[in-house]
Amino acid sequence: MTTEHRSGFACFVGRPNAGKSTLTNAIVGSKVAIASSKPQTTRHAVKGIVTRPDAQLVLIDTPGLHKPRTLLGERLNDVVRATWSEVDVVGVCLPANQRIGPGDTYLVKQVAELRKRPKLVALATKSDLVSPARMREHLLAIGALEESMGLRWEHIIPVSAVADDQVDVVADEIIGLLPPGPAYYPDGEITDEPDETLVAELIREAALEGVRDELPHSIMVVVDEMGLREGRPDDKPLLDVFASMVVERDSQKGIMIGHKGSRLRDVGTAARMQIQALLGTPVHLDLKIKVMKDWQRDAKSLNRLGF
């Protein structure tokens with residue numbers, strides 16, 4: 001007996017640091033979205049593609065919906081809402097190690113009020129961080145949202161992307177909710193993001209580690225030039241990447257350079273290793289820092305940076 005091929009789009013929503021990007025990467029089986037301990041660090045709606053003989057799931061990793069303080073924040077929120085109205089399934093990430101709060105109910109309400117409402121799956125993320133008793137309490141609280149919010153969960157699933165617990169169950173249940181349809185992408189493709197975008201995101205992820213306060217949101221990375229170095233033998237390729245980290249102030253530039261350039265070197269080393277792992281080619285990374293004053297609030301700068 002042959003089963004009908006299913007295909008469609010899904011995304012994970014949740015307040016900052018709910019585990020959306022980590023879960024996206026775990027289901028795709030490769031790093032397509034940056035996962036940082038800093039909240040609100042996803043900037044693009046990145047697509048990750050899961051292809052099986054009977055189905056194709058396209059996961060869209062969106063920025064977290066938040067109260068915008070800048071023009072960039074407003075534009076990111078627009079990206080989120082546009083994505084929600086176009087997907088077949090939304091997985092709402094509700095971390096098990098935190099109580100359901102106003103931020104969660106605000107998010108769920110926003111999804112519930114969409115004119116074209118997708119199918120909803122509740123995901124009790126970070127299940128590895130709580131006891132069974134705490135998890136039972138959390139699942140009951142998630143179930144109670146159905147009545148208070150006027151919505152219906154198709155499934156409620158505990159999951160830990162870090163511990164690889166029930167990740168396959170989440171994928172199976174979401175795929176089961178997709179409509180019949182063809183594959184949209186060739187087999188073997190895991191993202192439709194250009195390599196330059198993925199490389200820029202890996203550099204930004206390395207830059208975010210260890211910085212504090214407002215700086216994470218002030219860092220943007222642009223790949224100025226990227227290509228295989230000419231004249232190298234086929235069995236010894238070298239990929240040249242020239243990239244710029246954009247910050248908003250001279251003081252931030254100093255922080256990113258570090259004492260005698262130590263921080264910039266560390267970021268470059270960490271990013272180079274991640275890029276090599278992603279693309280499977282030795283990499284020469286040339287990293288500069290540019291100051292673009294208050295770029296998050298300036299429409300012209302945002303347009304130049306692709307927002």
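Buried means under 20% relative accessible area, exposed means over 50%, and partly exposed is anything in between (1.4 Å probe, protein chains only). All the views come from a predicted model, where local features need pLDDT of at least 70, side-chain atom pairs count only at pLDDT 80 or more, and totals for chains, interfaces and linings use all residues. Residues are numbered from 1 along each chain as its sequence is written, and side-chain values use heavy atoms, with hydrogens and water left out.

**View A. Arg204 and Glu201 meet in a salt bridge.** A salt bridge here is a side-chain nitrogen of Lys or Arg within 4 Å of a carboxyl oxygen of Asp or Glu, and this one spans 3.1 Å from N to O. Both residues sit in helix H6 (residues 195-208), 3 residues apart, or about one turn of the helix. Helices (H or I, at least four residues) and strands (E, at least two) are DSSP runs, numbered from the N terminus. Glu201 is buried at 9% relative accessibility, and Arg204 is buried too, at 1%.

**View B. Arg99 pairs up with Glu137.** Their closest N and O atoms are 2.2 Å apart. Arg99 is in the loop between strand E4 (89-93) and helix H3 (102-112) while Glu137 is in helix H4 (residues 132-149), so the pair ties together parts that are 38 residues apart in sequence. Arg99 is exposed, at 53%, whereas Glu137 is partly exposed, at 40%.

**View C. Lys288 forms a salt bridge with Asp286.** Here the closest N and O atoms are 3.3 Å apart. Lys288 is partly exposed at 48%, and so is Asp286 at 25%.
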